[in-house]
Amino acid sequence: MTNKLDSIQISNICCIGAGYVGGPTMAVIADKCKDLRVTVVDMNKKRINSWNDENLDQIPVFEPGLKEIVGRARNKNLFFTDNMEDSIKNADIIFISVNTPIKQSGLGAGFASDMKWVEKCARQIGEMAIGHTIVVEKSTLPVRTAKIIKEILSSTSSNKFNSKPKTFSILSNPEFLAEGTAINDLINPDRVLIGGEDENAIEVLSNIYRNWVPNQKILTTNLWSSELSKLVSNAFLAQRVSSINSISALCEATGANVKEVSNAVGLDNRIGNKFLNSGPGFGGSCFKKDILNLVYLCRFFNLEEVADFWYQIVLINDWQQKRIYEVIVRKLFGNINGKIITILGFSFKSNTNDTRESPAIKIANYLLVEGANLRIHDPKVSYEQISIDLQEFQEYKSDESVASWQYCSRISDAVKDSDGIVLATEWEEYTKLDWEKISRLMKNPGWVFDTRQILNGKEIKNNGLNYWGLGEGDEKKEK
Ligand code: UDX
Ligand code: ADP
């Protein structure tokens with residue numbers, strides 16, 4: 001039988017997982033490689049139906065520029081389906097882009113990634129693939145996942161009950177896109193990293209990217225370096241956020257201003273000015289998970305000191321959210337029981353509807369436990385998603401608790417009679433609020449807590465409100 005890759009001519013690619021990574025990545029590949037047929041397959045039929053929704057505003061991932069690309073490519077060379085068998089059977093290359101959350105129980109709970117979806121995926125590929133197939137790890141995965149995938153695939157391909165011979169090449173091709181800027185990150189990547197041993201397969205995958213990425217940006221390494229580089233990139237980025245957040249607390253204590261400090265520090269070329277915005281802590285599906293994976297890996301190899309070093313980044317992140325909640329309670333006279341508090345922004349950062357690990361969830365939970373009545377607004381996050389995210393509170397809410405939360409689609413409803421506004425996500429529309437109007441709607445004395453430093457504190461104060469900006473120390477303060 002002929003090897004599908006003999007001529008390095010491939011025509012079908014498939015991606016398992018139609019999420020925040022798989023959806024946008026495949027949309028861009030389809031848009032840039034018109035001669036390829038790109039199929040995105042997911043076991044979640046509802047999600048697939050949304051990707052196929054005629055109304056492009058209903059596709060399940062909000063990402064600037066995405067709906068335009070999906071509109072151009074869908075049903076031409078980009079297809080969304082829940083038919084696993086056909087998608088896998090026809091594919092020359094299969095990207096695995098499924099979720100790998102932190103394990104909730106069992107060995108490695110709280111640190112290691114739950115590999116059940118990846119394992120299931122590998123088994124499905126092993127069962128359904130035909131001929132030679134390149135399998136590409138796209139999801140962020142613990143180091144040495146390729147080994148697991150390889151073992152599962154080789155056990156299925158050598159199965160004596162299989163009538164048709166099948167072979168696989170495994171590559172690691174981590175995705176570095178950030179949500180909110182995914183399309184631009186995919187079109188203009190800093191680098192494309194491909195790890196693997198099979199040079200033929202590396203060449204095939206590189207050729208796809210060469211359709212729009214300059215060759216010098218395509219980096220090849222061994223499998224383990226590629227997998228580890230992804231974890232380390234995210235750990236370094238998260239480390240910068242925790243570093244500046246730790247300094248925000250010191251600024252508040254000393255009378256310095258963290259914006260001025262980060263600007264001064266970032267102007268040093270060696271440090272650079274990116275990723276130095278202090279805020280309520282990092283969220284998103286990757287940073288925490290990847291650091292915890294790194295910590296787990298270090299502990300596994302008895303590198304306790306290295307593990308402790310990286311773990312501290314997660315601890316500072318958690319502490320930042322707790323510290324913000326404590327400031328809110330203290331400023332509202334130590335009592336928020338029954339008070340109305342408005343949360344502006346629920347996604348983990350602006351320009352995405354993703355709430356995974358969003359700092360707003362933690363802060364909301366702390367406030368609810370203390371008895372607050374929350375009014376939550378976000379331009380893109382739905383009521384249903386917030387209900388899922390605050391499920392824990394619903395379950396543990398005691399009968400005596402007066403705490404409650406309400407979703408508000410209009411900002412004016414969210415701030416009405418509010419004792420305090422907590423700006424949790426830096427959506428641009430929050431920088432254009434009419435503070436005179438808001439001040440009239442709020443209770444007196446009203447507080448505004450700006451955890452992203454995007455609001456004009458002076459204007460807010462001029463409208464009779466109190467203002468607290470994260471990392472803004474009072475320079476006149478005497479120790
Ligand atoms: C991250 C990585 O950037 C990306 O390369 C990887 O593929 C996935 O993880 P993402 O989580 O989508 O992407 O968003 P990112 O822009 O990195 O922000 C992560 C978190 O850090 C957000 O909660 C954001 O608000 C926070 N952050 C970021 C800060 O608090 N300050 C900053 O200066 C930058
Ligand atoms: P990410 O941010 O990594 O893209 P998401 O959770 O947004 O993660 O998306 C992962 C998707 O993978 C989900 O839609 C889920 O239904 C899908 N998925 C997980 N395991 C499988 C599987 N074995 N077969 C098909 N789809 C899967």
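Strand 9 (residues 340–344) and strand 12 run parallel, joined by 4 bridges; strands pair when DSSP finds at least two bridges between them. Strands here are DSSP runs of E, at least two residues, and helices are runs of H or I, at least four residues, numbered from the N terminus. Keep in mind that this is a predicted model, where local features need pLDDT of at least 70 and side-chain atom pairs count only at pLDDT 80 or more, while totals for chains, interfaces and linings use all residues. Residues are numbered from 1 along each chain as its sequence is written, with chains lettered from A and ligands numbered from 1 in the order in which they are written.

**Around strand 12**
- Strand 12 also runs parallel to strand 13 (residues 447–450), again through 4 bridges.
- Gly 420 sits opposite Ile 341 and has Trp 447 as its bridge partner in strand 13.
- Gly 420 and Val 422 on one side, and Ile 421 and Leu 423 on the other, are all buried (20 or more other C-beta atoms within 10 Å of their own, with C-beta atoms placed from the backbone).

**Nonpolar cores**
- The largest nonpolar core has 60 residues, and Ile 93 and Leu 205 are among those with the most contacts inside it; a core is a set of buried Ala, Val, Leu, Ile, Met, Phe, Trp, Tyr and Cys residues joined through C-beta atoms within 7 Å.
- Helix 1 (residues 22–32) gives this core the most, 5 residues.
- A second, separate core of 42 residues includes Ile 336 and Leu 423.

**Ligand 2**
- Helix 5 (residues 116–128) supplies the largest share of the shell, 4 residues.

Terms used
A residue is buried if 20 or more other C-beta atoms lie within 10 Å of its own, exposed if 12 or fewer, and partly exposed in between; C-beta atoms are placed from the backbone.
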